[in-house]
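Please view the sequence and the model together while reading the points below.

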Amino acid sequence: MHPLAVIAILVGLIALATVLGLVWRARTGRVRSMANGEVVRLPEVPIRGSATLLQFSTEVCAPCVPTRRVLGQIAASTEGVHHVDLDVTHRPDIAAKFNVLQTPTTLILDRTGAIRARIGGAPRRADVVAALESILAA
């Protein structure tokens, strides 16, 4: 194969990988509102107060620890908000039911347990607070 063709292919692959990485980075951690959210009914997830931050984690998830800390702080500083961390390492049935493809995944539930927002990846504090404010205001 011609050396210039090899270089062009490598540069193209690097450019493609960079674009895909930037798209993934822009999408991860963003809050997606869920209209007509499914109601969560799990014995492991008590629905209390005005909102629940339901975090799905696994044993080997590095970003789950700081996410747990951030969501716990938000719940502690916001009246009526509770944080539940559910380890799905040995519960693939729950991961499949809620389409958890990456950890952490966070669901924001309203007072009835309905899913009002979903965050794939490590959430941004300001985004979670803004989503909670809209849920609590309703």
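Helices (H or I, at least four residues) and strands (E, at least two) are DSSP runs, numbered from the N terminus. The model is predicted, so local features need pLDDT of at least 70, side-chain atom pairs count only at pLDDT 80 or more, and totals for chains, interfaces and linings use all residues. Residues are numbered from 1 along each chain as its sequence is written, and side-chain values use heavy atoms, with hydrogens and water left out.

**Strand β5 and A117**

- A117 has its place in strand β5.
- With a relative accessibility of 3%, A117 counts as buried (under 20% relative accessible area, with exposed over 50% and partly exposed in between; 1.4 Å probe, protein chains only).
- A117 and S33 are 84 residues apart along the chain, yet their C-alpha atoms are separated by 4.3 Å.
- Neighbours within four places in sequence aside, A117 is in contact (heavy atoms within 4.5 Å) with V31, R32, S33, M34, T106, L107 and I108.

**The disulfide**

- The count comes to 1 disulfide, a disulfide being a pair of cysteine sulfur atoms within 2.5 Å.
- C61 and C64 form this link, with their sulfur atoms 2.1 Å apart.
- The link of C61 and C64 is right-handed, with 90° about the S-S bond.
- Both partners are buried: C61 has a relative accessible area of 10%, and C64 has one of 0%.

**S57 in strand β2**

- S57 lies in strand β2, which covers residues 51-57.
- The relative accessibility of S57 is 2%, and the residue counts as buried.
- Beyond residues up to four places away in sequence, S57 touches C64, R68, D85, L86, D87, V88, T89 and T103.

**The largest pocket**

- A pocket is found on a 1 Å grid over the protein atoms alone, as an open set of points where a 1.4 Å probe fits, with protein on both sides within 12 Å along at least five of seven lines; lining residues have an atom within 4 Å of a point.
- The largest pocket holds about 310 Å³ of space, a volume being the space filled by probe spheres set on the points, which are joined across faces, edges and corners.
- Its lining includes W24, R27, T28, R118, I119 and G120.
- Helix α1 (3-27) and strand β5 (115-120) each supply at least two residues of this lining, and the largest share, 3 residues, comes from β5.
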